[in-house]
Amino acid sequence: MTGKLYPVGDAASDARITRADYLRRYAEAATDPEAYWMREGLCVDWIRPYTRAKDVSFHEVDFRIRWFPDGELNLSANCLDRHLAERGDQVAIIWEGDEQGDERRISYRELHAEVCRFANVLKAQGVRRSDRVTIYLPMIIEAAVAMLACARVGAIHSVVFGGFSPDALAGRIQGCGSKVVVTADQGCRGGKRIPLKANVDEALARCPEVERVVVVRRTGADVPMTPGRDLWYDRLVADASPECPSEPMGAEDPLFILYTSGSTGKPKGVLHTTGGYAVWTTSTFRDVFDYRDGELFWCTADVGWVTGHSYVVYGPLANGATTVMFDGVPSYPDHGRLWETVDRLGVNTLYTAPTAIRALMREGDEWVTRHSRRSLRLLGSVGEPINPEAWDWYHRIVGDGRCPIVDTWWQTETGGILISPLPGATDLKPGSACLPLPGVRPVIVDADGDELDGPAEGNLCIADSWPGQMRNVWGDDQRFFQTYFTTYPGKYFTGDGCRRDADGYYWITGRVDDVINVSGHRMGTAEVESALVAHRQVSEAAVVGMPHDVKGQGIYAFVTLNAGEVATERLRDELRQWVRREIGPVATPDALQFTPALPKTRSGKIMRRILRKIAEGETSGLGDTSTLADPAVVAQLVADRGSA
Ligand code: WT7
């Protein structure tokens, strides 16, 4: 299948990048990469100009990834100071609360002052260059302020999604050794309250090294404050100066850590550095969203994920755009929330996830069509493959058939978008992320690591670096090289499967490793398994993905109980709640099947291939089971499947 083609059409007429521009830039990046990147790097302001662009080797002996290595810059200054003269009074962020119409607007000048104040607060609390600061906040302006304030003083932020449990938060605080945590009294989501400060208190029982907790008042709830440790944000900033010079940072100085799930072990702290990340988020925001001055951009992602870092905060602000921060959910107060908000604010570009599109599609067109959506010019999709049906609905109903859709493929590790159509340059195919951005070199390799030419299906690697690439796993250089550069030596392995069609278009088929993509959020099977076996009645657990209508993938857990324990409905519920409490709501198993044993090879390795088939309901073609230690286990698993 190559899919239906949606020609560029009218979108091309005034686009920043036409098809000819794209082809020219792609060719230049391929033939003279250094010249290309030297020029691309200029999209941000440098305090000290770089004299070369790329210094990279993916090979073990001289492994290094460095971009613009001798340049100096500050990303907070790029997002704030450089706009003051021209657009100081323009709105930088529109905050849209959980309650419809609960709005707050902050101009570039005000945001600059607020970031300076909080940067001074951080300094007064002893935060210095390269110290880590954990941010555990809802989608409020203070989240962007805290990130930018860290960037301003050279501290490294680690944002933890507000949906994560105290346990998960504690692990991430310990993992990077933060001494300061920024949180709020409570969060609001779909009319419910999230006890953020209480979660922090619980987490900190296990993080004695944390010296300060700064608490933003979001709901005004009465929360206990630990004297000597906890301080109110509003009091601190009220007393702080609105002037704070930005630290000149080396291009390769760390900017942030963001924990993400891998196929093995604990979540890894993905490290991004300053210069390359700044260049990549700035240029990809400009090009992929064909951003024009004065436009309103709305990315619905939470700042707790990389999408929020790159396309709610850094990319839009570096370009002087007005960005929407949404603290609610698409289904509250009703299923028309997104479209009501689009109309009320006048949103030009909407960037959201297939899971949200599918969930809204189920509620019927009426919710959408009763709002005008006239301001929309461009639609974006991110986080997982978008099925052609959802693509079509997004295009036809939401966009009235007039807005191109950019299906953007990327990862926490890539810092920004790598494969995506450009609105004025690329004919669209529903379900395909289309073509690589200039300078990006995707390759498809087979199981032996051989590169496949032309139309092909296999594993997606990137043959060479791009500025936004992650630089390390925090505190574990070995794990970085091991995870991404050893499977196919000399290439970055994405963990995704992919097909390239006869037109050279890329179709991401999903993860090929033990990572499950639940509603566009990554969950490691190993993490869920270790949460399950931490329960006193559980002996063993194996977790795989299963198809899910709305979430894309759901979590299917196979659980073996300790001898003498009895499998009951109550225990099943208890275990699902247990995982939810241990990790967070995103990790809650959708199905949980008790089994007397797991299918293992004679060497004791769990055969996940079989479990995946069972979870998918494909119980006929289970393939070769002869290498199993006890083939009878499979029949039992199949027989019990309905019980999950
Ligand atoms: C994984 C990365 C990219 C920011 C949000 C998720 C999947 C992401 C697409 C897309 C098909 C996609 C991949 C990737 N993915 N975007 N447009 N089409 N798959 O970041 O949590 O690091 O997850 O999300 O499987 O590897 P992440």
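**Entry 1: the ligand shell.** I sorted the shell around the ligand by class and got seven nonpolar, eleven polar and five charged residues. For this I counted Ala, Val, Leu, Ile, Met, Phe, Trp, Tyr, Cys and Pro as nonpolar, Asp, Glu, Lys and Arg as charged, and the others, Gly among them, as polar. I note here that this is a predicted model, in which local features need pLDDT of at least 70 and side-chain atom pairs count only at pLDDT 80 or more, while totals for chains, interfaces and linings use all residues. Residues are numbered from 1 along each chain as its sequence is written.

Which of the 23 residues around the ligand come nearest? I found Pro385, Gln411, Thr412, Ile508 and Arg522. A residue is near a molecule or strand if its C-beta atom, placed from the backbone, lies within 6 Å of it. I then looked up which elements supply at least two residues of the shell each, and they are helix 11 (306–318), strand 20 (405–408), strand 25 (492–500) and strand 26 (506–511). Helices (H or I, at least four residues) and strands (E, at least two) are DSSP runs, numbered from the N terminus.

**Entry 2: helix 11.** I checked how covered helix 11 is, and 13 of its 13 residues are buried. A residue is buried if 20 or more other C-beta atoms lie within 10 Å of its own, exposed if 12 or fewer, and partly exposed in between, with C-beta atoms placed from the backbone. After helix 11 I found Gly320, with a positive phi near 70 degrees.

**Entry 3: strands 25 and 26.** Two strands pair if DSSP finds at least two bridges between them. Arg499 has Trp507 of strand 26 as its bridge partner. The two strands form a hairpin with five residues between them, and in the turn I noted Gly504, with a positive phi of about 80 degrees.

Pro442 stands opposite Ile462 in strand 23.

Entry 4: I traced another open sheet, in the order 12-11-8-6-7-14-15-24, and its pairing is mixed. Strand 12 (230–232) and strand 24 (472–473) are the edges, each pairing on one side only. Within this sheet, strand 7 (residues 156–159) and strand 14 (residues 254–260) run parallel and share two bridges. I found Ile257 of strand 14 as the bridge partner of Ser158.

**Entry 5: strand 18.** Are the side chains of strand 18 (residues 349–352) buried or exposed? Thr349 and Tyr351 point one way, Leu350 and Thr352 the other, and all are buried. In a regular strand the side chains alternate between the two faces of the sheet.

I then looked at the partners of strand 18. Strand 16 (residues 296–299) runs parallel to strand 18 and is joined to it by three bridges, with Cys299 facing Tyr351 as a bridge pair. Strand 19 (residues 378–382) is also parallel to strand 18, through four bridges, and there Leu378 is the bridge partner of Thr349.

**Entry 6: helix 6.** Since 13 of the 13 residues of helix 6 are buried, the helix is largely enclosed by the rest of the structure. Gly154 follows helix 6 and has a positive phi near 85 degrees.

**Entry 7: the whole chain.** I counted 20 helices and 31 strands in the chain. The radius of gyration, taken over C-alpha atoms, is to be set against the globule rule of 2.2 Å times the number of residues to the power 0.38. The chain has 24 Å, close to the 26 Å that the rule gives for 644 residues, so it is as compact as a globular protein of that length. Buried residues make up 53% of the 644 residues.
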